[in-house]
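Dear colleague,

I am handing over the structure below, and I would be grateful if you could look through it before reading on. My notes on what was found in it follow directly after.

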Amino acid sequence: MPIRKITEYPEKVLAEIGKPVTVFDEELENLCADMFETMYEAEGVGLAAQQIGLPMQLFVMDCEGVKLVAANPEIIATTGEQSNSEGCLSIGKVPAIVVRAERATLRAQDAKGEWFEHTAEGYAARCFQHETDHCNGKLFIDRLPKMRRDMVVKRFRKEKNWK
Ligand code: NI
């Protein structure tokens, strides 16, 4: 399975709303396998299709024991609040504190098209919210006040120049 190139901010595809997944076939399973492999290689805990250049409603994650494929994901319930550090493979993992719901219920389809609901808390719930945002063309920096968003982007650009 090939490792895919991870798209980086400000590539346009990251801001695109994903198209719904309608075909659940071997091709989709292969794509998910590539996404897992790409995510593990980059030492991430979640990866959305936008991050390999495909505007689709699709993400994979493996975070605190929650390993799943989510097609057509939706956060259907949230409770509480958490303020923790968050980063993104598409923005060089530059961290920033983001406010998210503490507990979130994800509704999505697996790689075979079966609908499921999964409730998680803490880091895994954060991951549900971060990846579902990706599928809707939204990055975690879009949830930051402008000044902090600019700081993350600045640091990301600086670190890119060092490489
Ligand atoms: Ni991300």
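Two strands are said to pair if DSSP finds at least two bridges between them, and helices (H or I, at least four residues) and strands (E, at least two) are DSSP runs, numbered from the N terminus. Please bear in mind that this is a predicted model, in which local features need pLDDT of at least 70 and side-chain atom pairs count only at pLDDT 80 or more, while totals for chains, interfaces and linings use all residues. Residues are numbered from 1 along each chain as its sequence is written, and side-chain values use heavy atoms, with hydrogens and water left out.

With that in place, strand E2 (residues 58–63) pairs with strand E3 (residues 66–79) in the antiparallel sense, over six bridges, and within this pairing leucine 58 stands opposite alanine 71. The hairpin of E2 and E3 has two residues between the strands, and glutamate 64 takes a positive phi near 50° there. E2 is also joined to strand E1 (residues 46–48), again antiparallel, by three bridges, with valine 60 of E2 as the bridge partner of leucine 47. Five of the six residues of E2 are buried, where buried means under 20% relative accessible area (1.4 Å probe, protein chains only).

The nickel ion is coordinated by Cys88 (SG), His130 (NE2) and His134 (NE2), at 2.1 to 2.3 Å; donors here are N, O and S atoms within 2.8 Å of the metal (3.2 Å for Na, K and Ca), and sites may look incomplete because water is not among the atoms. Along the chain, these donors follow the spacing C-x41-H-x3-H. Cysteine 88, in the loop between E4 and E5, and histidine 134, in helix H2, are 46 residues apart and link distant parts of the chain.

An unreviewed UniProt entry annotates Cys88, His130 and His134 as "binding site", although such annotations may be inferred rather than shown by experiment.

Taking contact as heavy atoms within 4.5 Å, and not counting residues up to four places away in sequence, cysteine 88 touches Gln51, Lys93, His130, His134 and Phe140, whereas histidine 134 touches Glu16, Ala48, Gln50, Gln51, Cys88 and Leu139.

With kind regards

Note on methods:
Buried means under 20% relative accessible area, exposed over 50%, partly exposed in between (1.4 Å probe, protein chains only).
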